[in-house]
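Please examine the sequence and the structure before reading each solution.

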Amino acid sequence: SLPLPLQKRHFHYNTQPISINLSIGYFSSEEPYPPPTPHPSSHSSMANSQRRPAALDSVYYPVVALALILVACVDFCDAVTVVDVYRLVQYDLSGVPFGSRLATLNHHAGSSFFASSSTVDLSRTVLMLPVRELDLDLIKEYIGQGKLLGGLLLLLPPQFSPEKVETAVGRDEDFDLLRNKVSELERLLIHANIPYPVYFAFEDDNINAVLAEVKRNDASGQPATATTGGYKLVVAASDPKKIASPTITNIQGWLPGLKPDGDSSQLPTIAIVASYDTFGAAPALSVGSDSNGSGVVALLEIARLFSVLYSNPKTRGRFNLLFGLTSGGPYNFNGTQKWLRSFDQRLRESIDYAICLNSLGSLGNELHLHVSKPPENTYIQQIFQGFSSVAEEYGLQVGLKHKKINISSPRVAWEHEQFSRLRVTAATISERSTAPELLEGTGSLSDNRLSVSETSIIRSVKLVAESVARHIYSQEGKGTNIFADDGSLAVNPSYVRSWLDLLSTTSRVAPFLSKSDPLIMALQKELADHTAEVNVQHETLDETFTFYDSISGRLHVYQVASVTFDLLLLLVLGSYLITLFSFLVITTRGLDDLISLFRRPPSRKVKAV
C-alpha cells in the first residue's frame, strides 16, 4: 500500500484545539489511523500551559531591562578613540639587546615626568609626550638611569607621516629644527635597551583631545589611577618573536655593450649601484625618502635613459652597464658584499669602475665623491675630473673625500668600500660629507617626502648619467650634452616624481620584506623594462643582527570610571537583582513564600534521654 502524505489532525480536549504533525510511520490508505486515547494527565498539563504565558510575561520585561543595563555597561567600555601606533624597533646586535623589549600596553595615561620623584611610581603609567614639546635632556636622563615606565607614547607632528607627499618647497626654519630634534631622539632610542613598550603615533584631533584632558587631570593633582579613573591606553599584542633567517634580496639588471665583429675580448663594465632598504626607530615608518629613496629613483631613471640610448645599435656604447639594487645597506652593506662575491672572476675584473648613489635629494648645491683609494690614483682622478666638469655646467660643486678602509674591521661606512675590499675601483656620490654611524641616517623618522627635492634628484641624475655617457663615448672636455633637456634623452620629471612618491610611502626595512614583497617585485619589473637581463639574488642577513616582529598595532584609548562609580554601579545592579528576585518569587510562588525565606527557622529541641 502507498504511504499517506504527512497531514495534520485536530483533536479537542476541553474545547482547546491541539495540532499534531504525523511525521513518523506509514499506514495503509485503506486503514484509517486510530484516534489517540486521551491521557489522564492531559487536563492538568493543559492548565499549566495556560498559566505559563502569564508568568513568562511577568518575567519578560525585567529581563529586558537587565539586558539594557548590561548593554549600557558595555557601551561605557567602548574606546574613546582608536589610533594606529608604531613600535620602537627591537633588535639584538651581537647578542646585546636594544630598542623596546615589550609590545603589550595596558596602563593609565599620564602627560609628563611630573611624578619622576622617588615618592611616585610610574611603572603603571603610559606617558603621552608630544615630540614638539619634548625635553630631550629629561628623557635622556630618565632612560639613562633605567627608571621604569608603564610605557611611552611619543606623538609625532602630522608632517612626519609617510602619507604626507608634499614637496620640500615651503620648509621653514622651525621645521628644520624639529627634524633635528626628531633625529636626536631617534639616535637616543635605537641605541638604548628600554624594558617597556615604546610607541609612536601621529597627532590628530582625537588624540590631542585626550592629551588635553590628561594634562588637565595631571595639573589638578589627580593623575589617572585605578582609584581616580581617567584614561587607559591599551595595545593588545603578543610577545615579540625573533625573525628567523631574515632575507635580503639583491636585484641586478644588465645592459650589454656593442662588441665589434671578430672581437672576442671582454667589454669593460660600468656598475651603477644603490641600496634600497632602510632602517629607523620605527620600522613601519622607515621610508627613507632621501636615504636612500633618492638614490634608487636616480638609478631607475639612469637605467631608463641608457636603455633608450642602447636600444639603437648606432648609439650603443662599447661598455656593458650593470645596474644593482642592493639590500642590507644599513647593516654594513651586507647585501652588496654577498652580491659581489657571487660574481665570477671574469665579470669582477671587467668592471672599469662602480658608482654608488647615496642620498641625492638635498636642497643644497654641493655633492661629495667618496673614495677609498688615494686621491692621486689615476682612475680616481679620471672619475673625479669627469664629475667635476659636468657639475660646473649644472651649477653644482663636487668635492673629493678620501677615507681609507680598515680591512680587519667589519664596519663598512660607504657602499663603495665593499668594492674596494675586492680591489675594484669604486666611489660613492652623496650629499653627505661624512658617513653616518652604524644604523643611523638610513631611513629615520624625519627622512620623509618633505626632506627631498625633485629638482635636486633630477640634477644628480643628469650629473651621473652625463659623466658616465661622456666616459663611454670619450666625450670628456668636449662640451657635449647627451641628455639635453630639449632632446629625446631628457630626464623625465614625472617618472622621478612617481617613483619618489611610491618610495616615500613604503617602509623598506629588509628583515620585514619577504622575497615576494610587492616593492621587490615592482623594482624587479622596472629594471626588466629597462635592461636586457635581470637576476634576483636572495641571501640571509648576517647573524650579527637579530630582529623581532610586532612593529605596529592599534591603540585603544578608554575612559575609565573611578572606584566610586564602580561601587555605585554595583549597588544599583545589586538592588535591581534583589528586586527582580523578589518580584519573580511573588509572581510564581506568592508573598508568603518570599517572607518565609527571611524567617528564622524554628529551633528543634532535643529531648534528653
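**Exercises with worked solutions**

Just after α2, G146 takes a positive phi of about 70 degrees. The model is predicted, with local features needing pLDDT of at least 70 and side-chain atom pairs counting only at pLDDT 80 or more, while totals for chains, interfaces and linings use all residues. Residues are numbered from 1 along each chain as its sequence is written, and side-chain values use heavy atoms, leaving out hydrogens and water.

**Exercise 1.** Determine which residues of helix α2 are buried and where they lie around its axis.

*Solution.* 
Step 1. Helices are DSSP runs (H or I, at least four residues), as strands are (E, at least two), numbered from the N terminus. Helix α2 covers residues 136–144.
Step 2. Buried means under 20% relative accessible area, exposed over 50%, partly exposed in between (1.4 Å probe, protein chains only). L136, I139, Y142 and I143 are buried.
Step 3. Seen down the axis of α2, these buried residues fall within an arc of 130 degrees (directions from the helix axis to the C-beta atoms), so they line one face of the helix.
Step 4. The face turned away from the buried side carries the exposed residues D137 and G144.

**Exercise 2.** Describe the aromatic pair formed by F279 and Y331.

*Solution.* 
Step 1. Rings of Phe, Tyr and Trp (its six-membered ring) pair if their centres lie within 6.5 Å; planes under 30 degrees apart count as stacked, over 60 as edge-to-face and the rest as tilted.
Step 2. The centres of F279 and Y331 are 6.2 Å apart, with 85 degrees between the planes, and the pair is edge-to-face.
Step 3. F279 lies in the loop between β13 and α5 and Y331 in the loop between β14 and α6, so the pair ties together parts that are 52 residues apart in sequence.
Step 4. Both F279 and Y331 are buried.
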